[in-house]
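User: Hi! Could you walk me through this model, starting with how its helices pack?

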Amino acid sequence: MRKCIILFFSILIFFSCDKKNSNEINIYSKRHYQVDTEQYKNFERLTGIKVNFIKAGDDELLERLKNEGKNSPADLYVTVDAGKLQKGVEMGLFQQIKSDIIDNNVSNDLKDINGYWIPITYRARLLVYSNDRVNPSELSTYENLSDAKWKGRILVRSSSNAYNQALMSSLYANLGEKAVTEWSSKVVSNFARDPKGNDRDQVKAIAAGQGDIAIVNSYYIGLLLSSEKQADVDAANSVSVFFPNQGDDERGAHINISGFAMTKNAPNKENAIKLLEYLTGEEAQNTYMNNSYEYPANPRVKPSKIVQSWGEFKRDSLDLNALGLFREEAIKVFDNTGWK
Ligand code: FE2
């Protein structure tokens, strides 16, 4: 009996200590960048709050959150696609994030209208073109990539990639099924080769003369230009950046965010909010800019010098949740038009 009572009280003490001293945050991360580790270390130094994170694919992490339910140790989920955040919201995994500091730190048009996720950075999925073989006056819109003048010249990665799926979702939302299906068939017939490799590989393929224009995420150009490998720098210097759909009556270039959602039962909610306030603040935003070459969610912060050199651009004002809402339709368009 005495043993039982001691055991009972030890368990009680263990749990109450655990609650009071939970000086940590647990993150499930799809992001795979070195800069994130640096940000979490900086936050830890400032606050004494330990940040733990595990990295895996989006669908795997969302599934894990669903299976763990109330017992999940995760406080935050971070990814590079508003579509996956929307999917998690639809799965009932998250709670709204309420903080005046975050609200004041982040551009209005990048926010979730329902308040379930917050952006930290954004990126444009833009065009790069060969300096030797393309005159920028030939370029205009994503829609124009269906023009026969691009036959055998377009490079892009596979349709299984979330960046392409988000782009197609945005086109579906903006143009409708019929127009986007026709567009996709024509773009596929203009491919320089079957889709393969990542975004960096498309730039390298232009440098190697295998195609003339490519659809890539903006930050990869910054990463190539600042690479220690001369071949990367040379590849990036063989192309220029073009923001599509910039005319007065056009909707702007497709963007996507990197963003965080808070799990429904986050065990360390207050700490997690503190981290998000820090990451959207000016110091951390500058750290992102100079390491990942993304654009800042905080409008008081400027992108890196390299990114600034491309000039400002108009971004598509589509509700970013559409990148998730139209995802299944987008995948069907890829399948029906032979975009591998
Ligand atoms: Fe990426």
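Analyst: Happy to! Helix 2 passes helix 11 in a right-handed crossing, where right-handed means that the near helix is turned clockwise from the far one by less than a right angle. Helices here are DSSP runs of H or I with at least four residues, and strands are runs of E with at least two, numbered from the N terminus. This is a predicted model: local features need pLDDT of at least 70, side-chain atom pairs count only at pLDDT 80 or more, and totals for chains, interfaces and linings use all residues. Residues are numbered from 1 along each chain as its sequence is written, and side-chain values use heavy atoms, with hydrogens and water left out.

User: At roughly what angle do the axes of helix 2 and helix 11 cross?

Analyst: Axes are lines fitted to C-alpha atoms over the stretch in contact, with angles from 0 to 180 degrees between N-to-C directions. The axes of helix 2 (residues 34-47) and helix 11 (residues 269-279) come within 11 Å, and they cross at roughly 115°.

User: Which residues of helix 11 meet helix 2?

Analyst: Contact means heavy atoms within 4.5 Å. From helix 2 come Gln 39, Tyr 40, Asn 42, Phe 43 and Leu 46. Their partners in helix 11 are Asn 271, Lys 274, Leu 275, Tyr 278 and Leu 279.

User: How do the residues of that contact divide by class?

Analyst: Ala, Val, Leu, Ile, Met, Phe, Trp, Tyr, Cys and Pro count as nonpolar, Asp, Glu, Lys and Arg as charged, and the others, Gly among them, as polar. The contact of helix 2 with helix 11 divides into six nonpolar, three polar and one charged.
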